[in-house]
Amino acid sequence: MPVEKSNFEPLIVIHFSSETPEETKNWMIERLIAKQDEDNGAALLVRYDSDSESHNDILLIGATLDRLLLGAEELRIKKPYKNDTSREFLISDIDNFDKSENLDSFLLKSEKQLIVWEEIQNIRPMQHERTIPGVPTKLIEPNHDTILCLLHNLNYIISVFPLHDKEDMKLTERDWFMSKNSFLKSQDIHKVRNYFGEEVAYYFEFLEFYTKALRLPAVLGLCVSLWPGSDFYKYSLFCIFNVIWWTVFMEKWKRLSNRLAYQWGSYDLQIFERPRPLYYGDLKNSPITNQPERRYPKWKRVLKKYLVSYPILICCLALSLWIYFAFYGIQMKTDHDYPLDDSLFFIHAKLMRTLPSTGYSLLILGLNLIYRKIATHLTDFENHRLRTSYENNLTSKLFIFYFMNCFIGLFYEAFINANFTNVVQLLTVFVIFNAIFLKFTEQIGPYVIKRFKKNQLIERTSQNVHVSEAVKQALTLSSFEGTYGDYLTIFEQYGYVALFSAVFPWITVCALINNMFELRADAFKYCYVYQRPFIQRASNIGSWRYAFDILSSVAIVTNTALIAMQPSVRAYFSSCTDVEYVLMFVIAEHVLLALKFAIGFAIPSTPHEIQIAKEKNLYESNQALRNERERRALKAQVSLTKL
């Protein structure tokens, strides 16, 4: 049963559904508080929220200091060492870590929440348990299901989230988005990382880095748009600039992300990556550690991919293609019915011509949301062992679909129909409606819902003197769904900028203005609209860096082709035959691709001082291992001598 502790620090909230049987709740609580070694439990502290009127639906989870320190060691959390390096935490070596004099504040609250969350995710039913207490009809599959997963599938758990810390959040937001000059100065990304973890911090740092990189292209884009010179020179110079600028941008980002990874102690995460808590399989001895661990046959995962995931992906792509051609037919009919002339109905005709593209853009936004859920379910179904593998597979699915769904219409209009008027119209509608729709669905809408829920909560508890912070956050804040939606928004916008800005430079201006507000709006959303996310350790932006790299390479081909297809550019080379003209631009495209790869090769992805520090750490680790082996060998010799 729940325990009461005078010094209990609530770290995580479990919000049960009112339909959850008491027996089922007690079963989960027993597994949470059970000892680790004897009962295979989590050894955590739990209690119901004392101010809740929700019939024991709000459960608070905490842990003792000793349990947290043990969890930090098990998770290989890196902390600052007294010689200005970052090392994996060891309880036996705790005195040599910074701030070890005050153990209560030694671990960040976000780190404590991560430790407790890992334990909650990994608790499983006992070997002898075959059904869920309180739900005798629900069978437990041995060695597969975690308790959290079982209760989620029964809709007995509404949400599990870490509690926001008002004091820490105030310190973070003051320099992040609440100050008067927040638009003019850089965010303190280390404060963001300490509060939200590396994954969220990398997103905000990438968004700021990308926004700053847009400033020069935006200025040049305006100059190119207003310059009355030859289209060939304008487009060509801007295309070459884009190749150099966005290649340098990605390489500089790799250097920055590696620098941050070293500072945050996450550069070697993949070496010691633990299996995902939701990974299931039969218990078998590991060939490396000889300890029992869950194993899932690779051939089953391959079959799931080729027989389920890929066919569904192909069907989704086919549907996306069919929807575009349906829109194209409607657009052609609308253009025929509402010709543009000098009559009094010019504005009316212009508006009517925009309706199909407006409807198409809204449909794309809806399809993107639906497909994101489909891709997530498929990746869950494939049962990947490591989080890195899971994210790579999910990102690749999202990349393929978003690339097709967001850009197929633009490609068709530009390269098949050569109708640049329609391309401009589609781009305009996509950029405007994306900005409006996403602002409403991600920030304004959820915030309005939060205020409405808060007012309802105040009315419902008007007789109470106090409503706990846990109840407020559980009942008024929206669940956090990860950074994928935010990355997809940047990916889509970056596609418009990289693929089409050489011939439509004004896109960079729109992107810059949007991102200046997006950065602060997202910060507000993370603090006040969504439940606090669990920190996810990361060493970079993950598979998204490959997605952006691919877009940069594709952009060279598309921009070169777009320039070649401009009538004014073709007129400039009127003396060339068609074959000579095409060959000239094919050579130019290959030269630009070679330039891109040469720049990438010339700029090392890891700063020199970071590379030296990593090699020094590796050397020290090898020396420590050598000394430990010598110590053991000497100890064994002494023992033999005594015998």
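A cavity here is a set of grid points where a 1.4 Å probe fits but cannot get out. The views below come from a predicted model.

View 1. Searching the whole structure turns up five cavities of 30 Å³ or more.

**View 2. The helices around the largest cavity.** H14 supplies the largest share, with six residues. Sorted by class, the lining of the largest cavity has seven nonpolar residues, plus four polar and four charged ones.

**View 3. An aromatic pair, Phe573 with Tyr581.** The structure holds 58 aromatic pairs. Here we pick out Phe573 and Tyr581, whose ring centres sit 6.2 Å apart with 55° between the planes. That angle is not over 60 degrees, so the pair counts as tilted rather than edge-to-face. Both partners, Phe573 and Tyr581, are buried.

**View 4. Lys79 over the ring of Phe106.** Have a look at the face of Phe106: Lys79 lies over it, 5.4 Å from the ring centre.

**View 5. Arg87 over the ring of Tyr81.** In this view an arginine takes that part, with Arg87 placed over the face of Tyr81. The distance from the ring centre of Tyr81 is 4.3 Å.

Definitions and conventions. Residues are numbered from 1 along each chain as its sequence is written. This is a predicted model: local features need pLDDT of at least 70, side-chain atom pairs count only at pLDDT 80 or more; totals for chains, interfaces and linings use all residues. Side-chain values use heavy atoms; hydrogens and water are left out. On a 1 Å grid over the protein atoms alone, a cavity is a set of points where a 1.4 Å probe fits but cannot get out, and a pocket is an open set with protein on both sides within 12 Å along at least five of seven lines; lining residues have an atom within 4 Å of a point. Grid points are joined across faces, edges and corners, and a volume is the space filled by probe spheres set on the points. Helices (H or I, at least four residues) and strands (E, at least two) are DSSP runs, numbered from the N terminus. Ala, Val, Leu, Ile, Met, Phe, Trp, Tyr, Cys and Pro count as nonpolar, Asp, Glu, Lys and Arg as charged, and the others, Gly among them, as polar. Rings of Phe, Tyr and Trp (its six-membered ring) pair if their centres lie within 6.5 Å; planes under 30 degrees apart count as stacked, over 60 as edge-to-face and the rest as tilted. Buried means under 20% relative accessible area, exposed over 50%, partly exposed in between (1.4 Å probe, protein chains only). A charge sits over a ring if NZ of Lys or CZ of Arg is within 6 Å of the ring centre and within 35 degrees of the ring normal.
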